[in-house]
Amino acid sequence: MGHDVLVATSDDPSDDELCWELQKYKINFYRGDLNNVLERFCGAVEDLSDSDVVVRLTADNVVPDGALIDNLLKFYTKNDCEYAFCNGDASRLPYGVSVEIFKVEHLRFANRNASSLLDLEHVTTYLKKKLEVSTYVENTNIYYSDIRATVDYIEDYEFMKYCCEKISDIILINYLDFVKVLAQNYVR
C-alpha cells in the first residue's frame, strides 16, 4: 500500500537544492522555520483535519520502508494508541530504524503549548511527555538494538554505503532484510 509523502524542510537557502530535487521528482514538500521544527510540521499539516494521522520519519533514518510503516500503522490502530513509535531497545530494532505515529490534533496541541527549545526542535518530545506512549516491538527473536542504522556522522554514512553496496536491489529490499545485512557487517 502506498502512502502520501510530504517532506517538511526549512525555508533556509541551504535547503534550496533539496527542494529543487523534490520538485524534479514531483515529491510534495513544505518549507518552514529552520529552528522551530514543531511549527514547521504544523504548517505542513495545515490542510489536514485533527483526526488525520501523521507518520513521522526523519531524514537521517534511511532504513524504514512501507512495510515497517504498515506494521506500525496496524499496531497503532489495533491498540487505539495516542502516540506509537519504534526505535532502539524496546522495539528490538537498530537505533535509527525509527517511525512515529500520532494524530494531527496532538501535533497542534504540542505546537500551542510547547515552549522549550528541545520541544520546538524535536517535534515529538512534548507529545512523549503528555500522551500515552506505545512502543512497537518487532516480532523477531533477534535483538538488533545494539546496531546503529542512522546517518548522523560520516562513519554512519560510510557504513550504510558499504552495506547498500552489498544489496542487489536496494529499492525492493524489506527493512528486516536490510537490518540483517547491517547486523552481518556491524563491528561492535
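Buried, on this tour, means under 20% relative accessible area. By that cut-off, helix H4 has these buried residues: Val104, His106, Leu107, Arg108 and Ala110. Keep in mind that you are looking at a predicted model.

**Stop 1: helix H4 and its surroundings.** Select residues 104-113, which make up H4.

**Stop 2: H2 against H4.** Now bring up H2, residues 37-44, alongside H4. The two helices pack at an angle of about 140°, and their axes are 9 Å apart. That angle makes H2 oblique to H4, and the crossing is left-handed. For the contact itself, show side chains: Leu38, Glu39, Phe41 and Cys42 come from H2, while H4 brings Leu107, Arg108, Ala110 and Asn111.

**Stop 3: the aromatic pairs.** How many aromatic pairs does the structure hold? Five. Start with tyrosine 83 and phenylalanine 102: their ring centres are 6.3 Å apart and the planes meet at 15°, so this pair is stacked. Tyrosine 83 belongs to strand E4 (residues 83-86) and phenylalanine 102 to strand E5 (residues 99-103), so the pair links distant parts of the chain, 19 residues apart.

Buried or exposed: which is tyrosine 83? Buried, because its relative accessibility is 0%. Phenylalanine 102 is buried as well, with a relative accessible area of 0%.

Ring pairs join Tyr83, Phe85 and Phe102 into a cluster. Show lysine 128 too: it lies over the face of phenylalanine 85, at 5.8 Å from the ring centre.

**Stop 4: an edge-to-face pair.** Finally, select phenylalanine 159 and tyrosine 186. Their rings are 5.5 Å apart, centre to centre, with 75° between the planes, which makes the pair edge-to-face. Phenylalanine 159 is in helix H7 (residues 154-164), whereas tyrosine 186 is in the segment after helix H8 (175-185), so the pair ties together parts 27 residues apart in sequence. Phenylalanine 159 counts as buried, because its relative accessible area is 16%.

Key:
Residues numbered from 1 in each chain as written. Predicted model: local features only at pLDDT ≥ 70, side-chain atom pairs only at ≥ 80, totals over all residues. Heavy atoms only, no water. Phe/Tyr/Trp six-rings, centres within 6.5 Å; stacked < 30°, edge-to-face > 60°. Helix = DSSP H or I, 4+ residues; strand = E, 2+ residues; numbered from the N terminus. Buried < 20%, exposed > 50% of the residue type's maximum accessible area, 1.4 Å probe, protein only. Lys NZ or Arg CZ within 6 Å of the ring centre and 35° of its normal. Axes fitted to C-alpha atoms, helices over the stretch in contact; angles between N-to-C directions. Parallel < 35°, antiparallel > 145°, perpendicular 65-115°, else oblique. Left-handed = near helix turned anticlockwise from the far one by under 90°. Contact = heavy atoms within 4.5 Å.
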